[in-house]
Amino acid sequence: GPTAMGMVKLMEDDAAGTTANDYEFTLAGSADEINPLLIKGELDIAAVPTNVASVLYNKTEGQVEILALNTLGVLYVVENGDSIQSIEDLRGKTVYSTGQGATPEYALNYILSENGMTVGTDVTVEYKSEHSELAALLAAGQADIAVLPQPFVTSVLTQNPDVRIALDLTEEWDKVSPDSALVTGVVVARKEFVEQNEAAFNEFLEDYKASTEFVNANVDEAAALVAGYEIVPKEPIAQKALPECNITFISGADMKAKVSGYLKVLYDQNPEAVGGTLPDDAFYYGA
C-alpha cells in the first residue's frame, strides 16, 4: 500500500547501486508478517500502521522508536450500490474490512462509537487478512460495503464500475475529533540498530525523505515503479491512486504532535489499541 509506494524510488536507487547504503527490502501483505521479525531483530526498520508502532514499543519495553509519519488518512468506505450516504447509514449493515488490530479497525470503531453505534450490536464487521483479498471480493461483486485504503480503492473502482466511494473516513474522523488527525502509517526502527549505526541511519532518513518527495512530484515515473514492484497491479491504476495516497514524510516535533494526538484518541477508546499504555517521549526519534 501507500507505505511501500513512498519508498519505491529508494528501492529503485538501491537496485541501481546509487544509494549511500545497501538496503534489503521485504514487501508484506499485512503488518502481522512484519511485527514478529522486528521484535526478533530480523528486521531493522519497518513501515507499519501507527497504532502498531505503539504496540511494538510497549511489547519490546521501549526497544522500538518511531522515525517519521509516512501516510496520512487513506481509508474509505466503498459500496457496491448507493445506500450509504452517511455514517448513520451503516447501522444494521455488514461491513467488510482489513486491518484487524490495526488502524482500520480502531478508526472505524471510534467513528462508529462517536456516532452512537457499537460494532457487533449496530454494525457487523467482517475482517479479511489482506487488502488485496478484500479488493478482489469487491471487484467481483461478492462484497457490498467495505473499508479499504488507497491504492486498493482506486484498483476496485477501475475494475468494477458499480463500486463507488461512499465515505472518506478522514473527513468522518475530523467531524468527531477536530483536535486530532487520522494518521495511517509510520516508519519505526529498532533503537539498538539506530544507536549502533547512527551515520548510516541518518543517510537512510535522507534517502527515504527524498523518495517520498520524488513520488509525490513525479507521478508518472513513480507509477511505473509502483507497478513494477507489483504494489499495484497496473500502471494506470497507480497513476490514479498516487495523488490520493497522502504519502508524506513528517519527522521531529510535528510528527510527535500528530501521532501522540491520534494515539490518545485510540487509548481513550481502547487502551489495547496502543498496547496498553501511551508511549513516553523516548518513543519519538528526533523530537
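Q: How many helices and strands does the chain have?
A: Helices (H or I, at least four residues) and strands (E, at least two) are DSSP runs, numbered from the N terminus, and the chain has 13 helices and nine strands. This is a predicted model, in which local features need pLDDT of at least 70 and side-chain atom pairs count only at pLDDT 80 or more, while totals for chains, interfaces and linings use all residues. Residues are numbered from 1 along each chain as its sequence is written, and side-chain values use heavy atoms, leaving out hydrogens and water.

Q: What does the radius of gyration of the chain agree with?
A: The radius is taken over C-alpha atoms, and the globule rule is 2.2 Å times the number of residues to the power 0.38. For 287 residues a compact globule would have a value near 19 Å, and the chain, with 18 Å, agrees with this. Along its principal axes the C-alpha trace spans about 55 × 40 × 30 Å.

Q: What percentage of the residues in the chain is buried?
A: Buried means under 20% relative accessible area (1.4 Å probe, protein chains only), and such residues make up 51% of the 287 in the chain.

Q: Which residues have the most contacts inside the largest nonpolar core?
A: In soluble globular proteins, nonpolar side chains tend to be buried together. A nonpolar core is a set of buried Ala, Val, Leu, Ile, Met, Phe, Trp, Tyr and Cys residues joined through side-chain atoms within 4.5 Å. Here the largest has 50 residues, and Leu90, Trp173 and Val188 have the most contacts inside it. Apart from it lies another core, of 32 residues, including Met11 and Tyr23.
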